[in-house]
Amino acid sequence: WFDTIPGDYSDARFNSVILEHLFLWLKGEAQSFWSPGFFYPAQNVLAFSDTHVGSGWPYVILRWFGLSRESAYIGWFIAGASLNYFCCFYALSKLGFRPLAASLGAFVYAFGLPALSQEAHAQLNNRYAVPLAALYLYRFLNDKDLTSAAWAVFWTALQFLCSVYIGVFFVYLATG
């Protein structure tokens with residue numbers, strides 16, 4: 001009934017604090033994005049971890065509409081899982097998979113139990129840019145189309161903004 005926060009105890013709190021800091025910074029109530037007050041006196045510490053710059057927009061929108069921190073957090077998690085599904089479905093469809101195969105593949109990608117975001121690390125949930133980056137990288141490697149290369153770079157950069165860890169892992173996979 002949407003009354004449980006996804007993630008383990010410490011990660012969920014950290015993600016909630018970072019998302020709320022992003023919201024307050026966009027409202028103009030936080031002085032510095034990179035130096036949240038809860039890290040005082042250390043400066044520019046937020047650059048060492050996930051900032052949720054690429055994934056925090058659902059949270060910010062829900063908070064602007066008046067939802068509580070907890071409800072907006074759950075909405076942020078649901079939006080990430082939904083985007084994972086739809087972006088993967090789109091990528092698999094564009095690769096020539098039929099609708100049933102694309103929907104099953106997207107379901108496993110978005111909601112599979114082995115995903116760390118399902119168990120403890122909710123910040124790893126937002127990986128929706130990976131299938132799109134992979135799609136355009138595949139197109140570039142096959143067609144040598146620079147537009148596809150540009151899109152692959154765009155989606156990879158967005159993934160870094162969503163989760164730096166998933167972005168690094170994708171680059172390792174793509175260049176390995």
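**α3 against α4**

I started with α3 and helix α4 (residues 99–111), which pack at an angle of about 145°, their axes 8 Å apart. Axes here are lines fitted to C-alpha atoms, for helices over the stretch in contact, and angles run from 0 to 180 degrees between N-to-C directions. The helices themselves are DSSP runs (H or I, at least four residues; strands are E, at least two), numbered from the N terminus. I noted that α3 passes α4 in a right-handed crossing. A crossing is right-handed if the near helix is turned clockwise from the far one by less than a right angle, and left-handed if anticlockwise. On the α3 side I listed Ala-81, Asn-84, Tyr-85, Cys-88, Phe-89, Leu-92 and Ser-93. On the α4 side the contact is made by Pro-99, Ala-102, Ser-103, Gly-105, Ala-106, Phe-107, Tyr-109, Ala-110 and Phe-111. Contact means heavy atoms within 4.5 Å. Sorted by type, the residues of this contact come out as 12 nonpolar, four polar and no charged. For that sorting, Ala, Val, Leu, Ile, Met, Phe, Trp, Tyr, Cys and Pro count as nonpolar, Asp, Glu, Lys and Arg as charged, and the others, Gly among them, as polar.

A note on what I'm looking at: this is a predicted model, where local features need pLDDT of at least 70, side-chain atom pairs count only at pLDDT 80 or more, and totals for chains, interfaces and linings use all residues. Residues are numbered from 1 along each chain as its sequence is written, and side-chain values use heavy atoms, with hydrogens and water left out.

I picked Ile-78, which sits in helix α3 (residues 69–94). Ile-78 has 37% relative accessibility, so it counts as partly exposed. The cut-offs: buried is under 20% relative accessible area, exposed is over 50%, and partly exposed is in between (1.4 Å probe, protein chains only). I also checked Ile-78 against Phe-33, 45 residues apart along the chain, and their C-alpha atoms are separated by 25 Å.

**α6 and its two partners**

Next I went to α6 and α7, whose axes come within 8 Å and cross at roughly 155°. The two are therefore roughly antiparallel to each other. The angle classes are: under 35 degrees roughly parallel, over 145 roughly antiparallel, 65 to 115 roughly perpendicular, and the rest oblique. This crossing is left-handed. From α6, I found Ala-129, Val-130, Leu-132, Ala-133, Tyr-136, Leu-137, Arg-139 and Phe-140 in the contact. They meet Leu-146, Ser-148, Ala-149, Trp-151, Ala-152, Trp-155, Thr-156, Leu-158 and Gln-159 in α7. The tally for α6 with α7 is 13 nonpolar, three polar and one charged.

Then I looked at the other pairing: helix α6 (residues 129–143) and helix α8 (residues 164–175) have axes that come within 11 Å and cross at roughly 25°. That makes α6 roughly parallel to α8. The crossing of α6 and α8 is right-handed. Val-130, Ala-133, Ala-134 and Leu-137 of α6 make the contact with Ile-166, Phe-170 and Ala-174 of α8. I counted seven nonpolar residues there, no polar and no charged.

**Gln-159**

Is Gln-159 buried or exposed? It is buried, with a relative accessible area of 1%. Gln-159 belongs to helix α7 (residues 146–162). Its side chain reaches the backbone oxygen of Asn-126 at 3.1 Å. Not counting residues up to four places away in sequence, Gln-159 touches Asn-126, Arg-127, Tyr-128, Ala-129, Val-130, Val-164, Ile-166 and Gly-167.

**Loops**

I turned to the loop between α1 (9–27) and α2 (57–64), where Thr-51 lies. Thr-51 is buried at 10% relative accessible area. Leaving aside its neighbours within four places in sequence, Thr-51 is in contact with Ile-18, Phe-33, Trp-34, Leu-46 and Leu-161.

Pro-41 is found in the loop between α1 and α2 too. I found a cis peptide bond joining Tyr-40 and Pro-41, with omega about 10°.

Asn-44 also lies in the loop between α1 and α2. Its phi is near 55°, a positive value in a residue other than glycine. Asn-44 is partly exposed, with a relative accessible area of 45%.

My last stop was Lys-144, in the loop between α6 and α7. Phi of Lys-144 is near 55°, again positive in a residue other than glycine. At 58% relative accessibility, Lys-144 counts as exposed.

Terms used: A polar contact is a pair of N or O atoms within 3.5 Å; within protein, one must be able to donate a hydrogen and the other to accept it, and residues adjacent in sequence count only if both atoms are side-chain atoms.
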